[in-house]
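Please look over the model shown here.

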Number of protein chains: 2
Amino acid sequence: MNSARGSAIGLHRVLEPHGVLPQAALRLDARPALYADEVRVRVQRLNLDAASFRQLWTEHGGDGDAVRSAVLAIVATRGKMQNPVTGSGGMLVGVVEEVGPGSPLGLSVGDQVATLVSLTLTPLWIADGLAGWDGRSEQVPCDGHAILFGRSIAAVLPADLPAPLALAVMDVCGAPALTARVVGGRAPGASVAVIGGAGKSGSLALAAARRAGAARTVGVVPTDREAAALTGAGICDEVVIADARDPVALAAAVGTPVDVTVVCVDVPGCEHGAILATKDGGTVVFFSMATSFAAAALGAEGLAADVTMLVGNGYVPGHAAATLDLLRAEPGVRRLFEDRLAAQ
Amino acid sequence: MNSARGSAIGLHRVLEPHGVLPQAALRLDARPALYADEVRVRVQRLNLDAASFRQLWTEHGGDGDAVRSAVLAIVATRGKMQNPVTGSGGMLVGVVEEVGPGSPLGLSVGDQVATLVSLTLTPLWIADGLAGWDGRSEQVPCDGHAILFGRSIAAVLPADLPAPLALAVMDVCGAPALTARVVGGRAPGASVAVIGGAGKSGSLALAAARRAGAARTVGVVPTDREAAALTGAGICDEVVIADARDPVALAAAVGTPVDVTVVCVDVPGCEHGAILATKDGGTVVFFSMATSFAAAALGAEGLAADVTMLVGNGYVPGHAAATLDLLRAEPGVRRLFEDRLAAQ
């Protein structure tokens with residue numbers, strides 16, 4: 001234990017380059033000894049960001065062993081799990097192993113927690129070579145340790161939900177929380193389209209939009225299979241099939257332009273379709289890490305579209321608790337999550 | 001003249017790949033014959049996007065002839081001026097040469113206009129090999145033609161301002177217009193920081209923020225020279241010097257976190273500093289094409305920052321007229337623009 005406090009945002013753990021924030025760092029110090037305001041978590045499971053896993057999976061041609069080796073190499077080199085191509089990370093679940101006397105997080109040794117800050121800025125060390133993971137899924141059994149700073153966010157896992165389910169929900173809890181805020185900030189009866197409505201963040205966003213007062217909710221999915229699943233979940237008014245990368249087709253599928261469009265699919269090229277599907281004066285919320293800033297900015301200008309475009313911020317105060325409540329209240333959403341977990 | 005109407009958003013001019021919007025196209029059809037709702041403009045001058053010009057300038061080691069050849073090759077290959085690395089374009093000024101009978105733009109042959117949609121989606125053909133340009137400035141004298149679609153935006157140049165000045169102003173008129181909207185939407189007396197406050201969009205954003213009711217305006221600049229210029233312009237309350245790529249230094253320079261931060265510098269890596277400089281509940285507006293979506297989204301999450309982050313939309317209704325009025329009313333801003341033009 002170091003008796004000194006660390007920087008609340010983790011500057012003291014940055015090894016290279018000097019003076020940058022942990023997320024921007026090439027390399028973090030993941031040594032287990034704590035500063036006075038830090039917490040060390042014994043890691044049980046990593047949940048890789050979908051865009052990151054997809055990139056690794058594609059790069060290594062679906063070879064699970066190669067994907068596992070790539071993740072191990074990244075963490076060994078960088079002291080954190082940040083995919084150098086996508087820039088994204090994920091989250092983790094584990095058990096609190098030691099709490100510095102100056103930690104403001106309110107955690108106790110033995111608490112099972114999920115980190116709600118990204119793996120891209122969390123010092124991480126892997127002890128078991130990921131021996132329990134076949135490299136074929138985003139959910140990674142893992143033994144090792146991670147460090148939380150003074151201003152990190154970690155939620156104690158609820159006793160009434162299985163850990164993998166709670167983890168999957170909390171990983172995307174920013175999307176429904178921000179969707180609820182945006183829809184709730186408009187006049188009652190807004191129309192909302194969610195691109196990728198059958199996915200994790202998408203299904204939660206649809207349910208959140210309806211609870212926030214949306215009068216028309218449209219879930220856009222790419223395949224018949226996802227359409228059937230989303231229809232079965234009963235969480236939106238309309239389910240339509242379209243390739244979100246085709247702006248003209250996407251706008252046609254949504255029909256009358258909506259007040260709010262939420263982009264929840266992790267494929268590039270959805271910006272223009274989302275803009276075209278949104279009415280003037282409306283809002284587009286981009287939650288996909290595959291979003292291109294330039295494509296969004298230039299697309300709206302090129303289409304002479306007066307839409308407000310939001311970068312989906314993964315942090316909204318109270319987002320974890322609110323989203324777990326949403327899952328408990330919406331059996332259709334819960335079923336989508338459970339089916340997804342069962343298929344892994 | 002083709003008697004058929006084109007697609008209002010230009011789909012009929014896309015050669016490759018089929019069915020995408022013009023901005024996403026690899027190649028556009030820039031032939032001069034018009035569809036019934038199109039307008040052909042005789043080009044006089046291109047104004048390259050700053051990020052695009054900087055990339056070309058750096059790639060070719062400051063060799064103006066090589067930069068000119070690169071621009072010619074891009075336009076010849078793509079039928080538009082879209083930098084394949086940055087994805088960005090710019091705008092143009094010219095004289096209306098022919099107006100299709102079905103054009104809704106309200107233009108007449110002989111009008112001198114600036115296009116307010118990006119060059120990234122404007123069919124363009126260059127006739128003079130850019131013989132009048134030394135490749136060393138963003139402002140490119142040019143003879144050629146460009147095509148406007150039904151939903152394009154073009155503004156007739158004002159009679160009371162020199163064309164290069166009006167062009168430079170209209171190129172960035174989205175920034176002050178959106179800044180005014182965001183600041184005007186908050187309680188009176190907001191505090192506003194503009195990163196890159198001495199630049200084109202930055203100086204206009206500072207002036208717009210003050211007119212929209214901001215009580216404290218902070219211009220952040222990288223050098224003593226820019227600080228002196230901005231101080232001399234008299235358009236903000238505080239001028240501070242900081243490297244915007246250094247989050248910790250930037251936040252320290254701004255001091256008390258502000259309600260609204262506007263990012264107007266075309267260098268990568270400013271996302272985290274802008275977030276750190278903004279108070280909880282505040283808004284960050286990203287106007288730089290060098291903005292990384294992932295860095296912004298993950299940065300806010302990692303810093304547990306409850307800030308609204310906007311993708312700067314270059315189109316706000318009435319933005320050109322409002323910004324020209326701002327320039328006429330603010331001699332300090334006009335002087336910054338004129339000094340910049342004189343130095344080119």
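## Two helices in chain B

The crossing of α4(B) and α5(B) is right-handed. In such a crossing the near helix is turned clockwise from the far one by less than a right angle, and in a left-handed one anticlockwise. From α4(B) come B:A175, B:P176, B:T179, B:A180 and B:V183. From α5(B) come B:S201, B:L204, B:A205, B:A208 and B:A209. Contact here means heavy atoms within 4.5 Å. By class, this contact holds eight nonpolar, two polar and no charged residues. Ala, Val, Leu, Ile, Met, Phe, Trp, Tyr, Cys and Pro count as nonpolar; Asp, Glu, Lys and Arg count as charged; the others, Gly among them, count as polar.

Helix α4 of chain B covers residues 174-184, and helix α5 of chain B covers residues 200-211. Their axes are 8 Å apart, at an angle of about 30 degrees. The pair is therefore roughly parallel. Angles under 35 degrees count as roughly parallel, over 145 as roughly antiparallel, 65 to 115 as roughly perpendicular and the rest as oblique. Axes are lines fitted to C-alpha atoms, for helices over the stretch in contact, and angles run from 0 to 180 degrees between N-to-C directions.

## How to read the model

This is a predicted model: local features need pLDDT of at least 70, side-chain atom pairs count only at pLDDT 80 or more, and totals for chains, interfaces and linings use all residues. Residues are numbered from 1 along each chain as its sequence is written, chains are lettered from A and ligands numbered from 1 in the order written, and side-chain values use heavy atoms, leaving out hydrogens and water.

## Chain A as a whole

Chain A has eleven helices and 14 strands. Helices (H or I, at least four residues) and strands (E, at least two) are DSSP runs, numbered from the N terminus. The C-alpha trace spans about 60 × 40 × 40 Å along its principal axes. How does the radius of gyration of chain A fit a compact globule? With 344 residues, such a globule would have a radius near 20 Å, and chain A has 20 Å, so the two agree. The radius is taken over C-alpha atoms, and the globule rule is 2.2 Å times the number of residues to the power 0.38.

Buried residues make up 60% of the 344 residues in chain A. Buried means under 20% relative accessible area, exposed over 50%, partly exposed in between (1.4 Å probe, protein chains only). Take the contacts between residues at least 6 apart in sequence: 70% of them join residues at least 24 apart.

## Helix α11 and its partners

In chain A, helix α3 (residues 163-171) and helix α11 (residues 331-342) have axes that come within 10 Å and cross at roughly 115 degrees. That makes α3(A) roughly perpendicular to α11(A). Their contact has six nonpolar, no polar and two charged residues. The crossing is right-handed. On one side sit A:P164, A:L165, A:A168 and A:V169 of α3(A); on the other sit A:R334, A:F337, A:E338 and A:L341 of α11(A).

Helix α5 (residues 200-211) of chain A also meets α11(A): the axes come within 10 Å and cross at roughly 175 degrees. These two helices are therefore roughly antiparallel. A:K200, A:S203, A:L204 and A:A207 of α5(A) touch A:V333, A:L336, A:F337 and A:R340 of α11(A). This contact has five nonpolar, one polar and two charged residues.

## Two buried strand residues

A:L46 is in strand β3 (residues 39-48) of chain A. Its relative accessibility is 0%, so A:L46 counts as buried. A:L46 and A:L92 are 46 residues apart in sequence, yet their C-alpha atoms are 4.3 Å apart. Beyond four places in sequence, the contacts of A:L46 include A:M91, A:L92 and A:L119.

A:T115 belongs to strand β5 (residues 112-115) of chain A. At 1% relative accessibility, A:T115 is buried. Its contacts beyond four places in sequence include A:M91, A:L92 and A:I153.

Most residues other than glycine have a negative phi, and most peptide bonds are trans. A cis bond joins A:E16 and A:P17, with omega about -10 degrees. A:P17 lies in the loop between β1 (14-16) and β2 (27-28) of chain A. B:E16 and B:P17 are also joined by a cis bond, with omega about -10 degrees.

B:L130 is not a glycine, yet has a positive phi of about 55 degrees. At 0% relative accessibility, B:L130 counts as buried.
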